[in-house]
Amino acid sequence: MLLSEQEINRRQKREELMRMGIDPYPAELFDVNTTIADIRAAFQSEGSKVEPEMDLSGDERWGNVQLAGRLMVFRISGSASFAEIQDSTGRMQFYFRRDDICPGEDKTLYNTVFKKLLDIGDIIGIRGNVFTTKTGELSVYVREFKILNKALRPLPVVREVVNEQGEKETYDAFTDPEQRYRQRYVDLIVNPQVRDVFVKRTKLVNSIRQFLSEKGYLEVETPILQPIHGGAAARPFSTHHNSLDMKLYMRIANELYLKRLIVGGYDGVFEFAKDFRNEGMDRTHNPEFTQVEFYVAYKDYLWMMDTIEEMVEKVALDVAGTTKVTVGENIIDFKRPWKRLTMFEAIQEYTGVDVSAMDETGLRQVADQRGIKVDNTMGKSKLIDELFGEACEPNLIQPTFITDYPIEMSPLTKKHRSKPGLVERFEAICNGKEIANAYSELNDPIDQRERFEEQLRLAERGDEEAMALDEDFLRALEYGMPPTAGVGLGIDRLAMIMTNQASIQDVLFFPQMRPERKQDQSTESDFIAAGVTAEWVPAVQKLGYMTVEQLRAANPNKLFNDLGGVRKKLKLEAKMPTLDEVKGWLD
């Protein structure tokens with residue numbers, strides 16, 4: 001592993017600490033008794049007055065605080081220094097004075113350990129008291145400190161500068177999306193606003209859990225590994241169970257198992273489920289995603305629409321403090337009631353075409369006219385779905401219920417009570433994307449078998465998303481499932497909206513990524529074969545020439561000058577090559 005100059009330097013500091021008898025990774029606990037947020041809240045609350053140079057060393061609570069966090073800024077000046085430390089709740093200034101840290105004659109802890117062996121990113125624990133500086137800045141006066149972790153990699157440097165208008169401007173921020181998603185741990189350290197996104201996501205989940213639990217519904221768990229994938233139209237991931245010698249699928253939905261529990265006698269069940277679909281990735285799709293599904297006996301899809309409105313309105317209030325949420329350039333209002341359109345009404349509203357009575361041929365013609373790519377594997381339901389997705393979804397910004405889908409699109413849904421050829425289904429659309437999908441659940445086992453068989457015919461035509469026939473689920477229905485309403489609500493997409501994030505990757509701690517490309521690197525023998533002497537190979541690599549091809553593309557004059565500089569940094573005793581010798585390396 002090729003280390004940077006900073007990484008080498010930090011490893012040397014680690015060794016020096018250990019030689020001094022200081023464990024850079026101590027095992028014992030550090031007893032934290034407050035947080036930065038607690039301190040700020042106490043002194044920013046109404047009635048608390050912070051005076052310049054206020055000293056709370058004698059205060060029972062604030063005179064003996066113990067905090068731990070990561071060093072983010074150093075301002076060292078002689079016998080006294082300021083630093084900024086960041087804990088999980090925020091950042092604050094800390095004051096280190098040599099004679100307080102080292103009250104005796106031995107000043108090593110300050111002069112050597114603090115000033116020379118600590119780096120940005122190191123984690124330390126401190127004991128001290130709250131005070132304010134002459135300028136009135138709330139700070140902590142450090143009386144003792146302890147190294148809790150020596151960081152061996154430097155953090156990305158994020159600089160903040162106040163411009164002439166008094167506004168903060170950030171430079172060198174850790175903003176590259178691929179780096180942020182691959183190294184989320186660094187993203188969370190240097191971009192505190194990212195942590196806020198995930199705090200809000202947790203509030204969202206807790207709000208839904210509270211809503212459903214208070215209604216008396218039971219939270220359950222169902223299998224992730226399933227012998228038959230079902231409950232949605234999606235391509236599954238598969239694996240092999242060695243002991244049972246059988247193929248298993250990672251669930252694409254938990255619907256069929258939750259409905260088995262309704263058959264078993266529960267009136268309402270719900271599950272926050274990790275589901276997996278072997279599909280493409282974009283800003284609203286990740287192969288692994290989270291949804292909450294819940295099913296309630298003796299209800300229908302009309303009741304479920306009212307319930308979803310009520311629940312999501314509550315989520316907005318719990319997460320954002322208001323029903324109005326800013327998403328990009330739009331303000332989305334989750335206040336009830338939401339707009340309702342049938343699927344055919346929506347298609348006609350946004351295309352001017354009534355497709356309600358069209359057959360497969362007519363639908364293909366409409367799709368062709370609108371430039372929608374279709375193929376022979378697509379049946380009537382798929383064509384309608386593609387048409388709706390292209391013409392309608394992007395225009396549905398405010399929360400909208402799309403209801404009454406064609407029967408071919410919904411193999412698990414009860415036939416509409418008054419509209420032949422349709423089913424009792426709705427999708428909740430918001431910000432141009434589906435966030436929830438719900439049915440009056442099909443509980444006629446004969447009808448359900450026929451729908452599954454139609455899905456098998458679609459699979460024979462090449463539809464990889466067609467549902468499989470699940471005999472055990474049909475057997476469960478034959479024992480009798482009461483009339484039931486069910487819904488799946490996408491947690492990731494709802495979190496995107498509630499936190500104003502443009503990509504699903506921004507609301508997942510660790511989104512799926514392509515394998516990280518390893519940097520090409522020539523071996524030492526490759527460089528030697530190119531003419532570089534062995535003692536100069538480290539210097540060439542230090543300058544960033546990791547392959548012979550990169551070296552040969554270099555400017556010989558610049559390379560010659562750079563070698564002189566790096567020779568001093570690496571303290572090489574090798575004789576400096578001549579310009580002609582360097583040119584020879586590049587031939």
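Analyst: A cavity is a set of points, on a 1 Å grid over the protein atoms alone, where a 1.4 Å probe fits but cannot get out. Grid points are joined across faces, edges and corners, and the volume is the space filled by probe spheres set on the points. By this rule the count is one cavity of 30 Å³ or more. This is a predicted model, in which local features need pLDDT of at least 70 and side-chain atom pairs count only at pLDDT 80 or more, while totals for chains, interfaces and linings use all residues. Residues are numbered from 1 along each chain as its sequence is written, and side-chain values use heavy atoms, with hydrogens and water left out.

User: What is the volume of the largest cavity, and which residues line the largest cavity?

Analyst: Its volume is about 30 Å³. A lining residue has an atom within 4 Å of a point, and the residues that line the largest cavity are Gln 226, Ile 228, His 229, Gly 230, Ala 253, Leu 256, Tyr 257, Arg 260 and Asp 470. Helix α8 (residues 255-263) gives the largest share, three residues. By class the lining has four nonpolar, three polar and two charged residues; Tyr counts as nonpolar, Arg as charged and Gly as polar.

User: What makes β20 a mostly covered strand?

Analyst: A strand is a DSSP run of E with at least two residues, a helix a run of H or I with at least four, numbered from the N terminus. Buried means under 20% relative accessible area, exposed over 50%, and partly exposed in between, with a 1.4 Å probe and protein chains only. In β20 (residues 484-490), seven of its seven residues are buried, hence the description. Side chains in a regular strand alternate between the two faces of the sheet. Here Thr 484, Gly 486, Gly 488 and Gly 490 point one way, and Ala 485, Val 487 and Leu 489 the other.

User: How do you know which strands pair with β20?

Analyst: Two strands pair if DSSP finds at least two bridges between them. Strand β13 (residues 288-297) is joined to β20 by seven bridges, and β19 (residues 433-440) is joined to β20 by five, so both meet the rule. Each of these pairings is antiparallel. Gly 486 stands opposite Tyr 295 and also opposite Tyr 439, while Ala 485 faces Ser 440. Strand β19 itself is largely enclosed, because six of its eight residues are buried. Six bridges also join β19 to β18 (residues 422-430), again antiparallel, with Ala 428 opposite Ala 436.

User: Why are β9 and β10 said to stand at the edges?

Analyst: Three strands form an open, antiparallel sheet in the order β9-β11-β10. Strands β9 (225-226) and β10 (238-241) have a single partner strand each, so one side of each lacks a neighbour in the sheet. Four bridges link β10 to β11 (residues 246-250), and His 241 stands opposite Met 246.

User: What makes His 241 partly exposed, while Asp 245 is called exposed?

Analyst: His 241 has a relative accessible area of 29%, a value that falls between the two cut-offs, so the term is partly exposed. It touches Met 246 and Leu 248, not counting residues up to four places away in sequence, where contact means heavy atoms within 4.5 Å. Asp 245, in the loop between β10 and β11, reaches 59% and is therefore exposed. Its phi is near 50°, a positive value in a residue other than glycine.

User: How do you know whether Asp 404 is buried or exposed?

Analyst: The relative accessible area of Asp 404 is 4%, so this residue is buried. Asp 404 lies in strand β17 (residues 400-406) and has a positive phi of about 60° although it is not a glycine.

User: Why is a group of residues called a nonpolar core?

Analyst: The name applies to a set of buried Ala, Val, Leu, Ile, Met, Phe, Trp, Tyr and Cys residues joined through side-chain atoms within 4.5 Å. The largest such core has 48 residues, and Leu 204, Ile 208, Leu 212, Phe 294, Ile 308, Phe 334 and Met 498 touch the most other members. Helix α9 (residues 301-320) supplies the largest share, nine residues. Apart from this core lies another, of 30 residues, among them Leu 17, Phe 96, Val 113 and Ile 126.

Key: 1 Å grid on protein atoms, 1.4 Å probe; cavity = no way out; pocket = protein on both sides within 12 Å on 5 of 7 lines; lining within 4 Å.
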